[in-house]
Amino acid sequence: MGSDDVGMGSGPRSLMRRLYDWVLSWAGTPYGAWALAVLALAESSVFPIPPDPLLLALCLGAPAASMRFAALTTAASVLGGVIGYGIGAGAWHLFDQFFFDHVPGVSPESFARVQGLYGRYDFWVIFLAGLTPLPYKVFTLSAGVFAIDFPVFVLASCVSRGLRFFVLGGLVYRWGSALRDAIDRHFNTFTWLFGILLVAGFAVVALLR
């Protein structure tokens, strides 16, 4: 038993552990891929939780399909980014207050800060947002609002999202059983690290100058 299992014992498992096991069980059904696609698409404009944990769980459940799951996640995420761009470009005046009030990380202040970066680093700003824990939705929506060149936006999104998800899928494809054993032994640590990265991404957007 790994040190991270202390406190879990034989009693009821944590909610996160049960959720992980539940998601992992979807790998053998037709519904896991659908859930992954919907999550990846929604996260690019509205939903606060990235698709990486579900992608990882599905890949661990079926390592041979890891690259297919990575391709699906990339395509859905880029499509969601295009939808976010479209909302920003064509309908922002209708939905801006909803996003500011209800979508974490999306605020007038974050938009103003991101606008200054676009003037100098449009491709690289979108690339870093797609690759890192930065909230991608802030950048998809604001790219449309500030009329960032659409081909540049799509190219940066494809490269960054593809790199992020294919690296994860490739790691599982190559070392699936070892990674699964490591996550089983240190699940609490991985959960904390993911949470910290997610919060850090929103904090970076809040501190952008």
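How many helices and how many strands does the protein chain have? In this predicted model, the protein chain has nine helices and zero strands. Read along the sequence, the elements accordingly follow the pattern α-α-α-α-α-α-α-α-α.

The confidence of the prediction was examined next. The protein chain has an average pLDDT of 78, and 70% of the residues reach a score of at least 70. Among the elements of the chain, the highest mean pLDDT, 95, belongs to helix α4 (residues 66-90), whereas the lowest, 57, belongs to helix α9 (residues 187-207). Over residues 1-13 the pLDDT is below 50. Beyond near neighbours in sequence, this stretch has eleven contacts in the model. Where pLDDT is low, the predicted coordinates should not be read in detail.

Of the 209 residues of the protein chain, 42% count as buried. Among contacts with a separation of 6 or more, 79% are accounted for by residues 24 or more positions apart. The protein chain exposes about 10600 Å², of which carbon and sulfur atoms supply 72%.

Two salt bridges are present in the structure. One of them is formed by R161 and E43, whose closest N and O atoms are 3.2 Å apart. R161 lies in helix α8 (residues 150-185) and E43 in helix α2 (residues 31-43), so this pair ties together parts that are 118 residues apart in sequence. Both R161 and E43 are buried.

A salt bridge also joins R164 to D52, with the closest N and O atoms 2.7 Å apart. This pair likewise links distant parts of the chain, as R164 belongs to helix α8 and D52 to helix α3 (residues 52-61), 112 residues apart. R164 and D52 are both buried. Helix α8 thus supplies R161 to the pair with E43 in helix α2, and R164 to the pair with D52 in helix α3.

The structure holds zero disulfides. C59 counts as buried because its relative accessibility is 0%, and buried residues are those under 20% relative accessible area. C158, in contrast, has a relative accessible area of 36% and is therefore partly exposed.

How values were computed
Residues are numbered from 1 along each chain as its sequence is written. This is a predicted model: local features need pLDDT of at least 70, side-chain atom pairs count only at pLDDT 80 or more; totals for chains, interfaces and linings use all residues. Side-chain values use heavy atoms; hydrogens and water are left out. A salt bridge is a side-chain nitrogen of Lys or Arg within 4 Å of a carboxyl oxygen of Asp or Glu. Helices (H or I, at least four residues) and strands (E, at least two) are DSSP runs, numbered from the N terminus. Buried means under 20% relative accessible area, exposed over 50%, partly exposed in between (1.4 Å probe, protein chains only). pLDDT is the predictor's confidence in each residue, from 0 to 100. Contact means heavy atoms within 4.5 Å. Accessible areas come from the Shrake-Rupley method with a 1.4 Å probe; for residues, only the protein chains shown count as cover. A disulfide is a pair of cysteine sulfur atoms within 2.5 Å.
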